[in-house]
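My entries follow in the order I made them.

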Amino acid sequence: MNSGNKFGFNRSAFDQFNENLNKNYSVLSLKDYANVKALQISEFLSQEKDFYTVSNVVKVNDKKRDAFIKDVEKKHSVIAIDRQQMNENFLGLLKRDFNTLINYSLLAIILTIIVFFRNFELTVLTMFPIVLTGVVTAGILYFLGLELNIFSTVVCTLVFGVGDDFSIFLTKAMQKEHTTGKNELPTYRISIILAVFTTILSIGSLIFAKHPALHSLALVALIGMFSVIIITSTLYPFWFRLLITNRAKKGLSPITFRLFLHSVLSFLYYGLGGLFFSFIGVLFVKNSRGKTLEFIKLIMARFLTSVLFTNPFVKKKVIKNTKEDFSTPAVIIANHTSFLDTLAIAMTTHKIVYLVNDWVYESPIFGRMVRALGFYPVSQGIENGMEKLKEKVDQGYSLVVFPEAERSYSNDIKRFHKGAFYLAEQFGLDIVPLYIHGNSEVLPKGDFIIYDGAITVKVGDRIKKRI
């Protein structure tokens, strides 16, 4: 006060200040602050039974976030809750649950289609466009740099549902074409295009929305629907005709999953075995003579026979001839209707040398082994190979010739070429006929499916050479 007078201030100028300075204050409670609406205390601080919750914004490096939370909890006896982490966990759980729901829905669709068509192969064909649509849609989104969010994922389920309906419609249309020969595919295709068009107009119009989420949702819908229409309208009819309709026109049976699996396994086993013998076994054949070479041929014959036994649904039988043990070289002739004929002949004897076509002689799988074993390509002319063939005959091997020269599409015997009889005449050999039955039904010419059936090989009576 005295200092104020010294500088010309009024004596009462600081009375209010002194009063506030010497006043006894009481601590404000949380409720007192809550009464000040402008502070919005309830958004950041709450209390219930001596338990306080405080919310605040803290900018921390992502790499140090976990360490910061642990440090706060340790030094201040509090429980730190990271809302960002909570949201990420929540969305992760939501996405996981949604993926689980999609899997269950997909399983329900598969079971429904199986019950509806009562055929596993038709179910696989019907599911093919749905799965392919998902793969194509996901691939396009990946290349465009778009990430699936919860909303666009929901749209994907809509796309899959539409694709499922379209696949069922097309399956029914293709079934009618297969059974009645009437092509109703254009009618179904127009209906599908109209349905897709209306869906694109309703959801695709959101592409013009400014909100990023709506824009993304519409973009996913457009990509998915266009994928559906292209795949279901083009690729699906192509696969159905390839696997079912076109095969029926050729007189072939539709492919079933079991037959396809057995055929693939059999050919895979045959191919791997052929590669092994061509690249490994050929090393032993080159320097082998006498009993060693005969043993290798026995192993080869057992391998060829084992290929037939990879399919338990194909019965194998050899009707032996008590008068024939193939100890004396001869020209063996057999009817030729299937790729399996050479395998069937291997069940009768291993002391044979085949006269083969060029594709067998030059095969990348077993060509080297065929050449090492002395098999002869008929395209080079029998006259040009007389010395090599005579050498094999002198070693005690019979010559196997298919006198029809090529496989027949039916069981009708074609005209015989003279090669087999020319060899018999030149070398003074007997002729032993083999009768092969069932191969044309188990593996017809022009097909790759091995069907259930029975293969029978009968050894005929030796036809003696003329003296």
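**Cavities**

I began with the largest cavity, which holds about 60 Å³ of space. A cavity here is a set of points, on a 1 Å grid over the protein atoms alone, where a 1.4 Å probe fits but cannot get out; lining residues have an atom within 4 Å of a point. Grid points are joined across faces, edges and corners, and a volume is the space filled by probe spheres set on the points.

I noted that this is a predicted model, in which local features need pLDDT of at least 70, side-chain atom pairs count only at pLDDT 80 or more, and totals for chains, interfaces and linings use all residues. Residues are numbered from 1 along each chain as its sequence is written, and side-chain values use heavy atoms, with hydrogens and water left out.

The lining of the largest cavity includes Ser-266, Val-307, Leu-340, Ile-450 and Ile-455. I sorted that lining into seven nonpolar, three polar and no charged residues. For this sorting, Ala, Val, Leu, Ile, Met, Phe, Trp, Tyr, Cys and Pro count as nonpolar, Asp, Glu, Lys and Arg as charged, and the others, Gly among them, as polar.

How many cavities of 30 Å³ or more does the structure hold? I found two. Helices (H or I, at least four residues) and strands (E, at least two) are DSSP runs, numbered from the N terminus.

**Second largest pocket**

Next I took the second largest pocket, with about 840 Å³ of space. A pocket is an open set with protein on both sides within 12 Å along at least five of seven lines. It has 42 lining residues, and those closest to its centre are Thr-342, Tyr-354, Leu-355, Val-356 and Phe-402. Elements giving two or more residues include α10 (257-286), α11 (290-308) and β5 (352-356). Which element gives the most to this lining? I found α11, with five residues. The lining of this pocket splits into 27 nonpolar, 10 polar and five charged residues.

**Helix α11**

I checked the length of α11. Its 19 residues should span 27 Å at 1.5 Å a residue, and its end C-alpha atoms lie 28 Å apart, which agrees. The expected span is 1.5 Å times one less than the number of residues. Buried residues of α11 include Leu-293, Met-300, Phe-303 and Val-307. Buried means under 20% relative accessible area, exposed over 50%, partly exposed in between (1.4 Å probe, protein chains only).

**The sheet**

I traced an open sheet of seven strands in the order β3-β9-β8-β4-β7-β5-β6, with mixed pairing. Why is one side of β3 and of β6 (376-377) left without a neighbour in the sheet? Both stand at the edges, each with a single partner strand, so one side of each has no neighbour there. Two strands pair if DSSP finds at least two bridges between them.

β3 (residues 314-319) runs parallel to β9 (residues 453-459) over six bridges. Lys-316 faces Ile-455 of β9. β8 (residues 430-437) and β9 are antiparallel, with four bridges. There Leu-434 is opposite Val-459. β4 (residues 330-334) and β7 (residues 398-401) pair in parallel over three bridges, and Ile-333 is opposite Val-401 in β7.

β5 pairs with β7 in parallel over three bridges. Two bridges join β5 to β6, also in the parallel sense. Are the faces of β5 covered or open? Both are covered: Ile-352, Tyr-354 and Val-356 on one side, and Val-353 and Leu-355 on the other, are all buried.

**Single residues and confidence**

Phe-326 sits in the loop between β3 and β4. Its phi is near 60°, a positive value in a residue other than glycine. Most residues other than glycine have a negative phi. Phe-326 is buried, at a relative accessible area of 5%.

Phe-160 belongs to helix α7 (residues 150-180). Phe-160 is partly exposed, at 26%.

Last, I looked up pLDDT, the predictor's confidence in each residue, from 0 to 100. The protein chain averages 77, and 84% of the residues score at least 70. Confidence is lowest in helix α1 (residues 2-6), at a mean of 65, and highest in β9, at 92.
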